Amino acid sequence: MPAMDEASAQEGIGNRRRATRTILAVDDSRTNLHVLAHRLGQLGYLVVLADCGSQALELISARGFDLVLVDRVMPEVSSLHVLQEIRATRDTTDLPVIMVTSQSDPRGAIEALQAGADDYLERPYEFEELAARIERVLARSDRMEELKRSNLALDARIAARAIELGEARGELAAIRVELERCRRC
C-alpha cells in the first residue's frame with residue numbers, strides 16, 4: 001500500500017510540474033488548434049494558439065514558452081522561417097520546437113531537423129505519441145537548462161578562485177619584496 005501512495009504522490013508532482021508548462025501551438029487549421037489545445041490542456045499544459053507564422057513570432061517575442069508545436073505547411077510566413085527566427089534570436093535559440101506535418105515527405109523532415117527542429121512528427125499520429133515526444137523534448141530542455149545553470153555556477157566559482165589566486169600572488173610578491181629587503185639588512 002505505501003508504494004501505491006508514493007506512486008500517486010509522484011504522479012501529482014508530475015502533474016503540477018506540467019501545469020506550469022506553456023506550449024505555443026501554431027497551425028493554420030483552427031480545428032487542429034482547438035483539438036490540440038483541448039487534448040494538451042487535459043494533460044495540464046497551458047496552450048496558446050496562433051494561426052500563422054507572423055503571429056507566432058510576435059507571441060514568442062512577447063512572452064516565454066516552454067515549447068513550440070508548429071505545423072510544417074503554413075501560409076505567408078513559413079514554419080521554416082519561424083524556426084530560423086527562433087534559432088537566430090539569443091533569447092529563444094534553445095526554445096524546443098516540434099514540427100508536425102500532414103505531408104509524407106522525407107525531405108521535409110530533413111529540412112526541418114537541419115533548420116533546428118527538435119523533433120518532427122507526421123499526421124496522422126496517435127496523440128499519446130505526440131504527448132510522449134513533448135515530454136521527452138521538455139525533459140531534454142530541462143537538462144540543458146540545468147547544465148547551463150551549473151556552468152554559470154562553475155564559471156562564478158572559477159572567477160572567485162582566480163581573484164583569490166591573484167590576491168595570493170600579490171601577497172606572495174609583497175612577502176618576497178619584504179624578504180629581499182630583510183636580506184639586504
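**View 1. Contact residues of α2 and α6.** Leu36, Arg39 and Leu40 of α2 are in contact (heavy atoms within 4.5 Å) with Phe127, Glu128, Leu130 and Ile134 of α6. Five of the residues of this contact are nonpolar, none is polar and two are charged, where Ala, Val, Leu, Ile, Met, Phe, Trp, Tyr, Cys and Pro count as nonpolar, Asp, Glu, Lys and Arg as charged, and the others, Gly among them, as polar. The model is predicted: local features need pLDDT of at least 70 and side-chain atom pairs count only at pLDDT 80 or more, whereas totals for chains, interfaces and linings use all residues. Residues are numbered from 1 along each chain as its sequence is written, and side-chain values use heavy atoms, with hydrogens and water left out.

**View 2. Axes of α2 and α6.** The axes of α2 (residues 30–42) and α6 (residues 127–184) come within 12 Å and cross at roughly 65°. Axes are lines fitted to C-alpha atoms, for helices over the stretch in contact, with angles from 0 to 180 degrees between N-to-C directions. Helices (H or I, at least four residues) and strands (E, at least two) are DSSP runs numbered from the N terminus.

View 3. Five strands with parallel pairing (at least two DSSP bridges between two strands) follow the order β2-β1-β3-β4-β5. Because β2 (46–50) and β5 (119–122) stand at the edges with a single partner strand each, one side of each lacks a neighbour in the sheet. β1 (residues 22–26) runs parallel to β2 and is joined to it by five bridges; Leu24 has Val48 in β2 as its bridge partner.

**View 4. Helices across the sheet.** Both α2 and α3 (residues 53–62) lie across β1, β2 and β3. Relative to β2, α2 runs at about 170° and α3 at about 135°.
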